[in-house]
Amino acid sequence: MPDQSDQRKEGGARHPLDRERTLEPEGTEAPPLWLWIVIFSVAFFGAYYMGAYMGDFSADPHYMYRDRVASVAEETEVVAVDGAQVYTQRCQTCHQADGEGVAGVFPPLNQATQWVTGPEGRPIRILLHGLGGELNVRGETYNGQMPAFGQLNDEEIAAVLTHVRQSWDNDASEITADQVAAVRDAETDRTDPWRAEELLTEERSTVPGAASGSADEPAADE
Ligand code: HEC
């Protein structure tokens with residue numbers, strides 16, 4: 001920058017430029033009022049928006065709105081029960097991945113025609129209350145203890161039974177959550193594990209309230 005003070009002195013005591021207010025260096029002027037207004041409105045809107053929609057910055061914001069998504073979520077859960085997955089988690093250690101069980105200890109679920117693929121009431125009762133005592137499966141006698149799985153919900157029991165009834169060489173009808181619920185209701189007083197003889201009776205083979213005859217029930221209404 002050329003030094004202006006030399007110039008100013010030349011013309012006498014008061015150079016006209018001295019009477020002007022010195023200019024601020026460019027770029028450091030205060031922003032105009034309208035710009036402040038814009039800046040604050042944007043900041044205010046931004047803060048409001050995050051407060052309203054960021055779910056309190058929680059890691060699972062949808063959980064906060066579970067009332068609003070409840071109807072959708074419930075449906076998804078029911079549909080999401082995967083019989084194969086329940087089998088892997090709950091049954092496979094004993095009955096094995098191929099459904100062949102362990103000879104003499106855990107009976108096979110594959111082609112266990114009297115039990116797995118027999119009338120719906122039998123496998124449902126076995127899962128709800130367990131099974132003990134002498135049992136004949138595919139010509140072999142077992143005498144073990146099958147634990148009860150009554151703590152699983154109706155959908156899970158229906159899904160895992162449908163899975164075993166339609167896996168390997170099995171090809172039987174599906175079992176619905178309504179059927180499980182009907183048996184559960186009818187057997188609320190039962191606490192002991194079933195014995196094979198009991199399950200072979202007509203009364204314990206069927207699902208209460210089901211249409212007479214081994215009805216291939218109308219398509220599940222899901
Ligand atoms: C702790 C080992 C164990 C687990 C886990 C187990 N079972 Fe069993 N299961 C047995 C035994 C033992 C028997 C035979 C009981 C007897 O001898 O009276 C049996 C019998 C059965 C029977 C009737 C006999 C047959 O072979 O068809 C069915 C059906 C059955 N289990 C299904 C299941 C399903 C489905 C699951 C998973 C939800 C499961 N079991 C989990 C041990 C088990």
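**View 1. Gln179 sits buried in the model.** Gln179 is buried, with 25 other C-beta atoms within 10 Å; here a residue counts as buried if 20 or more other C-beta atoms lie within 10 Å of its own, as exposed if 12 or fewer, and as partly exposed in between, with C-beta atoms placed from the backbone. You'll find Gln179 in helix α10 (residues 177-186). Helices (H or I, at least four residues) and strands (E, at least two) are DSSP runs, numbered from the N terminus. Setting aside neighbours within four places in sequence, Gln179 is in contact with Glu120, Ile124 and Val207; "in contact" means that the C-beta atoms of two residues, placed from the backbone, lie within 7 Å. Gln179 and Gly121 are 58 residues apart in sequence, yet 8.3 Å apart in space, C-alpha to C-alpha.

A quick note on what you're looking at: this is a predicted model, where local features need pLDDT of at least 70, side-chain atom pairs count only at pLDDT 80 or more, and totals for chains, interfaces and linings use all residues. Residues are numbered from 1 along each chain as its sequence is written.

**View 2. Helices α6 and α9 cross.** Helix α6 (residues 83-90) packs against α9 at an angle of about 90°, with the axes 7 Å apart. Axes are lines fitted to C-alpha atoms, for helices over the stretch in contact, and angles run from 0 to 180 degrees between N-to-C directions. So α6 and α9 are roughly perpendicular to each other, the word used for 65 to 115 degrees (under 35 is roughly parallel, over 145 roughly antiparallel, and the rest oblique). From α6, the contact takes in Gly83, Ala84, Val86, Tyr87 and Arg90, while α9 brings Glu156, Ala159, Val160, Thr162, His163 and Val164.

View 3. Of the 29 residues around the ligand, Cys91, Cys94, Pro107, Gly144 and Met146 come nearest; being near takes a C-beta atom, placed from the backbone, within 6 Å of the molecule or strand. Elements giving two or more residues to this shell are α7 (92-95), α8 (121-129), β1 (131-137), β2 (140-146) and α9 (154-165).

View 4. The average pLDDT, the predictor's confidence in each residue from 0 to 100, is 84 for the chain, and 79% of the residues score at least 70. Confidence is lowest in helix α1 (residues 4-10), with a mean of 51, and highest in α8, at 97. Over residues 212-222 the pLDDT is below 50.
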